[in-house]
Amino acid sequence: MLDNKTILITGGTGSFGKCFTEYVLMNYKPKKIIIYSRDEYKQFVMQNEFMELDKERKIRYFIGDVRDEARLRRAIKDVDYVIHAAALKQVPACEYNPDEAIKTNIHGAQNVINASLDSGCVKKVVALSTDKAVNPVNLYGGTKLVSDKLFIAANAYAGKKDINFSIVRYGNVAGSRGSIIPVFQNIIKNGGEELPITDYRMTRFWISLRQGVELVIKALEEASGGETFISKIPSFKVTDLAEAMCPGCQMPEIGIRPGEKLHEIMITTEDSATTYEYDKYFIVYPQTVWNQKQRINETGCKVKDGFAYSSDSNTEWLSVKQIRERLLEIGIGE
C-alpha cells in the first residue's frame, strides 16, 4: 500500500515519527518520506540515526511549523499520505501557555486540513489523538478534542475529492517521555528507594510504539472517512509497574496532580452507539455521514449500548511478571 507513495509526517522527529519511518522503510518501498518539523537539530540527529537504513535516500527533511499554512502547502506538494503527529503535549506547559497550545494543536490541525484538502494529491490523512481528548480535564486534552473534531468534520469538505481523514487514539506510549516509566527509571538510576505514586488506584493502558505505528497503518488501509481507531490493549496498575521496576521499594502516595486522571478512557458510553469491535481494535464511526465513500466495516460487531473502554474496567490486565517482561522488550531492566 505504501510502495511508491510519498508520505509526510508532521512532528516527524518525535518518537512516533522515528518508529513509523523505520517501520515503513523496513516493510515497504516508499517513494519518499518527508519529515516535517521545526527543530533543525532534531532533524540533524535523526538524519544521522537513519543514515544506514536510508541508503537509498528516501527521507527528506523539511523544516517548518504546522502553524505556518503556506509552508505546509509547499511541503505537501505531491504527497499521497499525511500523518499528523505534531502537537504540544506536556500538560503543565499547555496550562501555562494556553495560547501557544491552541496555535499548535488547533490552528495547526486546521492548517494541515486546509493544505491537504487543497493539495489535489493527498489521499488520506491520519491524525494522532490521545486518551486525554476524551472527557478532557486539562487544556491539552481540550485542544486535542477540538483537533479530533476538526479532522472528522474535514470529511464534509472533501466533496468529490479522493481524500479522507481519520483519527488514531491511544494513551502514553510505554517508555516514551510522556509515560511514568522514565520517571521511575531515573529515580532508580540515581539510587532512590521510593517511587512516588500519585494515587494507589491509578491504572493505565499499555501500548508500545510499534503497536501505535501498526494502528496508523491499519487506518491508512481501512479508513473511508471520519473513523477513530483504538487498539485493544491490556491495562496495568501503576503500583504493579512500580513493583516490577523496583521490587520492595516504598511507594508513598503523594496525591493526584492538576489535570491528571485516575484512569485512561478511550471510548465513552456516549460513543457506544457508533462503536464497532474487531479482533484487535475498536472503531468509533462518525455520527454524521457526509458522502457515499463513508462505510462501516461489517466484519466487526457493534458494541452494546452503554459500553465504555477504560483502563480500570478493561478485561485484560498485566501482572507484575508480565509488566517486567514487557519492560525488557523496550530495553528497560535486566
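1. Buried means under 20% relative accessible area, exposed means over 50%, and partly exposed lies in between (1.4 Å probe, protein chains only). Cys246 counts as buried because its relative accessibility is 12%. Please keep that scale in mind for the points below.

2. A word on the basis. This is a predicted model, in which local features need pLDDT of at least 70, side-chain atom pairs count only at pLDDT 80 or more, and totals for chains, interfaces and linings use all residues. Residues are numbered from 1 along each chain as its sequence is written, and side-chain values use heavy atoms, with hydrogens and water left out.

3. Overall build. The chain has 10 helices and 14 strands; these are DSSP runs numbered from the N terminus (helices H or I, at least four residues; strands E, at least two). The radius of gyration is 20 Å, close to the 20 Å that the globule rule gives for 334 residues, so the chain is as compact as a globular protein of that length. That radius is taken over C-alpha atoms, and the rule is 2.2 Å times the number of residues to the power 0.38. The C-alpha trace spans about 60 × 50 × 40 Å along its principal axes. Of the 334 residues, 50% count as buried.

4. Contacts in the chain. Contact means heavy atoms within 4.5 Å. Take contacts between residues at least 6 apart in sequence: 80% of them join residues at least 24 apart.

5. Cysteines. A disulfide is a pair of cysteine sulfur atoms within 2.5 Å. By this rule the count is 1. The bond joins Cys246 to Cys249, with S to S at 1.7 Å. Cys249 is buried because its relative accessibility is 13%. Cys121 is buried too, at 14%. Cys301 is partly exposed, with a relative accessible area of 45%.

6. Phe184 and its surroundings. Phe184 sits in helix H7 (residues 181-189). Its relative accessibility is 1%, so Phe184 counts as buried. Leaving out residues up to four places away in sequence, Phe184 touches Leu195, Pro196, Ile197, Val238, Leu241, Ala242 and Met245. Phe184 and Cys121 are 63 residues apart in sequence and 45 Å apart in space, C-alpha to C-alpha.

7. Helix H9. This helix (residues 238-245) is mostly covered, with 6 of its 8 residues buried. They are Val238, Thr239, Leu241, Ala242, Ala244 and Met245. Against what do the buried residues of H9 pack? They pack against H7, strand S7 (203-205), strand S9 (235-237) and helix H10 (320-329).

8. The second largest pocket. A pocket is an open set of points on a 1 Å grid over the protein atoms alone, where a 1.4 Å probe fits, with protein on both sides within 12 Å along at least five of seven lines; lining residues have an atom within 4 Å of a point. This pocket holds about 440 Å³ of space. Of its 22 lining residues, the closest to the centre are Lys149, Ile152, Arg169, Asp271 and Val284. Helix H6 (residues 139-153) gives the most to the lining, with 5 residues.

9. Thr228. This residue lies in strand S8 (residues 228-231). Thr228 counts as buried because its relative accessibility is 4%. Apart from neighbours within four places in sequence, Thr228 is in contact with Ile152, Ile167, Arg169, Phe282, Ile283 and Val284.

How values were computed
Points joined across faces, edges and corners; volume = space filled by probe spheres on them.
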